[in-house]
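Please read the points below with the sequence and the model open beside you.

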Amino acid sequence: MTETDTTFAHYPAEARAAAIYHCGVPADWAPISDRGGVSVWRVNGIAGPVALKVAERRAAPAGVVAREAAVLQRLQDPGYLLDVGAGDGAPWVLTRWWEGHSTWEALEPVRAGGGSRPLARVRLVEACLALSDLHKRGWVHGDVQPHHIIYTRVHGTRLIDFSWACTSGLEAPDTYLGGITHLTSPELAGEVEREERTSPAAPSPADDVYALAASFWWALTGDWPLDYHRAGHDEDKLSPSDVCRIIASQGLNLKEDRVWPELQELLGEVLMLSADKRPDAWTLAIEIRQLPV
């Protein structure tokens with residue numbers, strides 16, 4: 001689809017101009033996702049691809065995109081943020097498009113019953129180190145999932161989607177509910193569902209590590225790590241709030257299917273440990289690196 005196609009031309013004019021400035025013309029505009037009032041585009045021109053995220057003018061989606069803009073401006077990740085704006089009350093963020101595979105894609109061959117375990121192990125270690133670097137800079141990602149970790153040839157392993165990232169002086173918003181529910185740590189799930197809570201649920205580095213281990217399990221098996229069925233729950237009928245309450249109760253066992261037993265044993269230990277005993281991302285990288293393949 002070219003930029004002149006009006007089928008997907010509801011982005012602000014200033015966002016269009018910024019995308020063209022950074023990627024050049026002619027440009028191909030490909031819609032990637034449109035969820036919760038936030039649209040993401042891949043815009044590719046002669047200078048390479050960029051990612052454009054645009055919010056609808058409703059309060060909730062506009063707040064999410066505006067917050068990510070604030071995070072990226074403060075994070076100062078070299079080469080990532082290109083421009084931000086809020087034309088006509090519709091906030092938008094323009095970033096570099098990181099070319100590469102996500103963790104979900106990188107583990108697909110192993111998930112399918114083949115693939116290279118040594119290469120997969122390298123990718124998992126790289127993901128741990130990328131998260132460790134973020135934590136060392138004083139940040140928490142808040143929405144770790146296998147689709148938010150990208151392995152690039154030139155720029156290394158990159159984290160994306162910083163809408164919920166937090167640091168000192170930039171706390172989680174009231175709308176934060178812990179990222180993907182099935183990847184949420186028990187302690188964070190408890191905070192999300194606590195009725196008397198007077199402040200936003202605040203993710204921690206330990207919550208990120210839990211989500212990272214759960215993400216690895218999900219990308220490895222294609223299934224969530226916790227066994228709702230054995231605990232008497234119909235997974236298909238659970239609401240996000242139900243899942244949070246069940247996870248917070250810490251009454252679930254791990255699912256028994258094993259694609260890579262040694263790795264899943266390690267990940268399972270991380271998921272079963274309390275936050276104060278959970279390894280940090282750097283330690284998890286070392287432990288995964290030492291696994292046999």
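**Notes on the predicted model**

1. Three strands make up an open sheet whose order is E6-E7-E8, with antiparallel pairing; strands here are DSSP runs of E of at least two residues, helices are runs of H or I of at least four, and both are numbered from the N terminus, while two strands count as paired if DSSP finds at least two bridges between them. The edges are strand E6 (100–102) and strand E8 (157–159), each of which pairs on one side only. From one strand to the next the twist averages 30 degrees, with axes being lines fitted to C-alpha atoms (for helices, over the stretch in contact) and angles running from 0 to 180 degrees between N-to-C directions.

2. This is a predicted model, in which local features need pLDDT of at least 70 and side-chain atom pairs count only at pLDDT 80 or more, whereas totals for chains, interfaces and linings use all residues. Residues are numbered from 1 along each chain as its sequence is written, and side-chain values use heavy atoms, with hydrogens and water left out.

3. E6 and strand E7 (residues 149–152) run antiparallel and are joined by three bridges, and Ser102 stands opposite Ile150 in E7. Helix H5 (residues 117–136) packs on the sheet, where it touches E7 and E8, and its direction makes about 50 degrees with that of E8.

4. Leaving aside neighbours within four places in sequence, Gly156 is in contact (heavy atoms within 4.5 Å) with Ile150 and Tyr151. Gly156 and Ala127 lie 29 residues apart in sequence, and their C-alpha atoms are 9.9 Å apart in space.

5. In helix H1 (residues 13–23), the buried residues are Ala15, Ala18, Ala19, Ile20 and Cys23. Their cover includes strand E1 (28–35), strand E2 (38–45), strand E3 (48–55), strand E4 (81–85) and strand E5 (92–96). After H1 comes Gly24, with a positive phi near 85 degrees.

6. Helix H9 (residues 261–272) has 12 residues and should span 16 Å at 1.5 Å a residue, which agrees with the 16 Å between its end C-alpha atoms; the expected span is 1.5 Å times one less than the number of residues. The buried residues of H9 are Leu263, Gln264, Leu266, Leu267, Gly268, Val270 and Leu271, and they pack against H5, helix H7 (205–221), strand E10 (253–254) and helix H10 (281–289).

Conventions
Buried means under 20% relative accessible area, exposed over 50%, partly exposed in between (1.4 Å probe, protein chains only).
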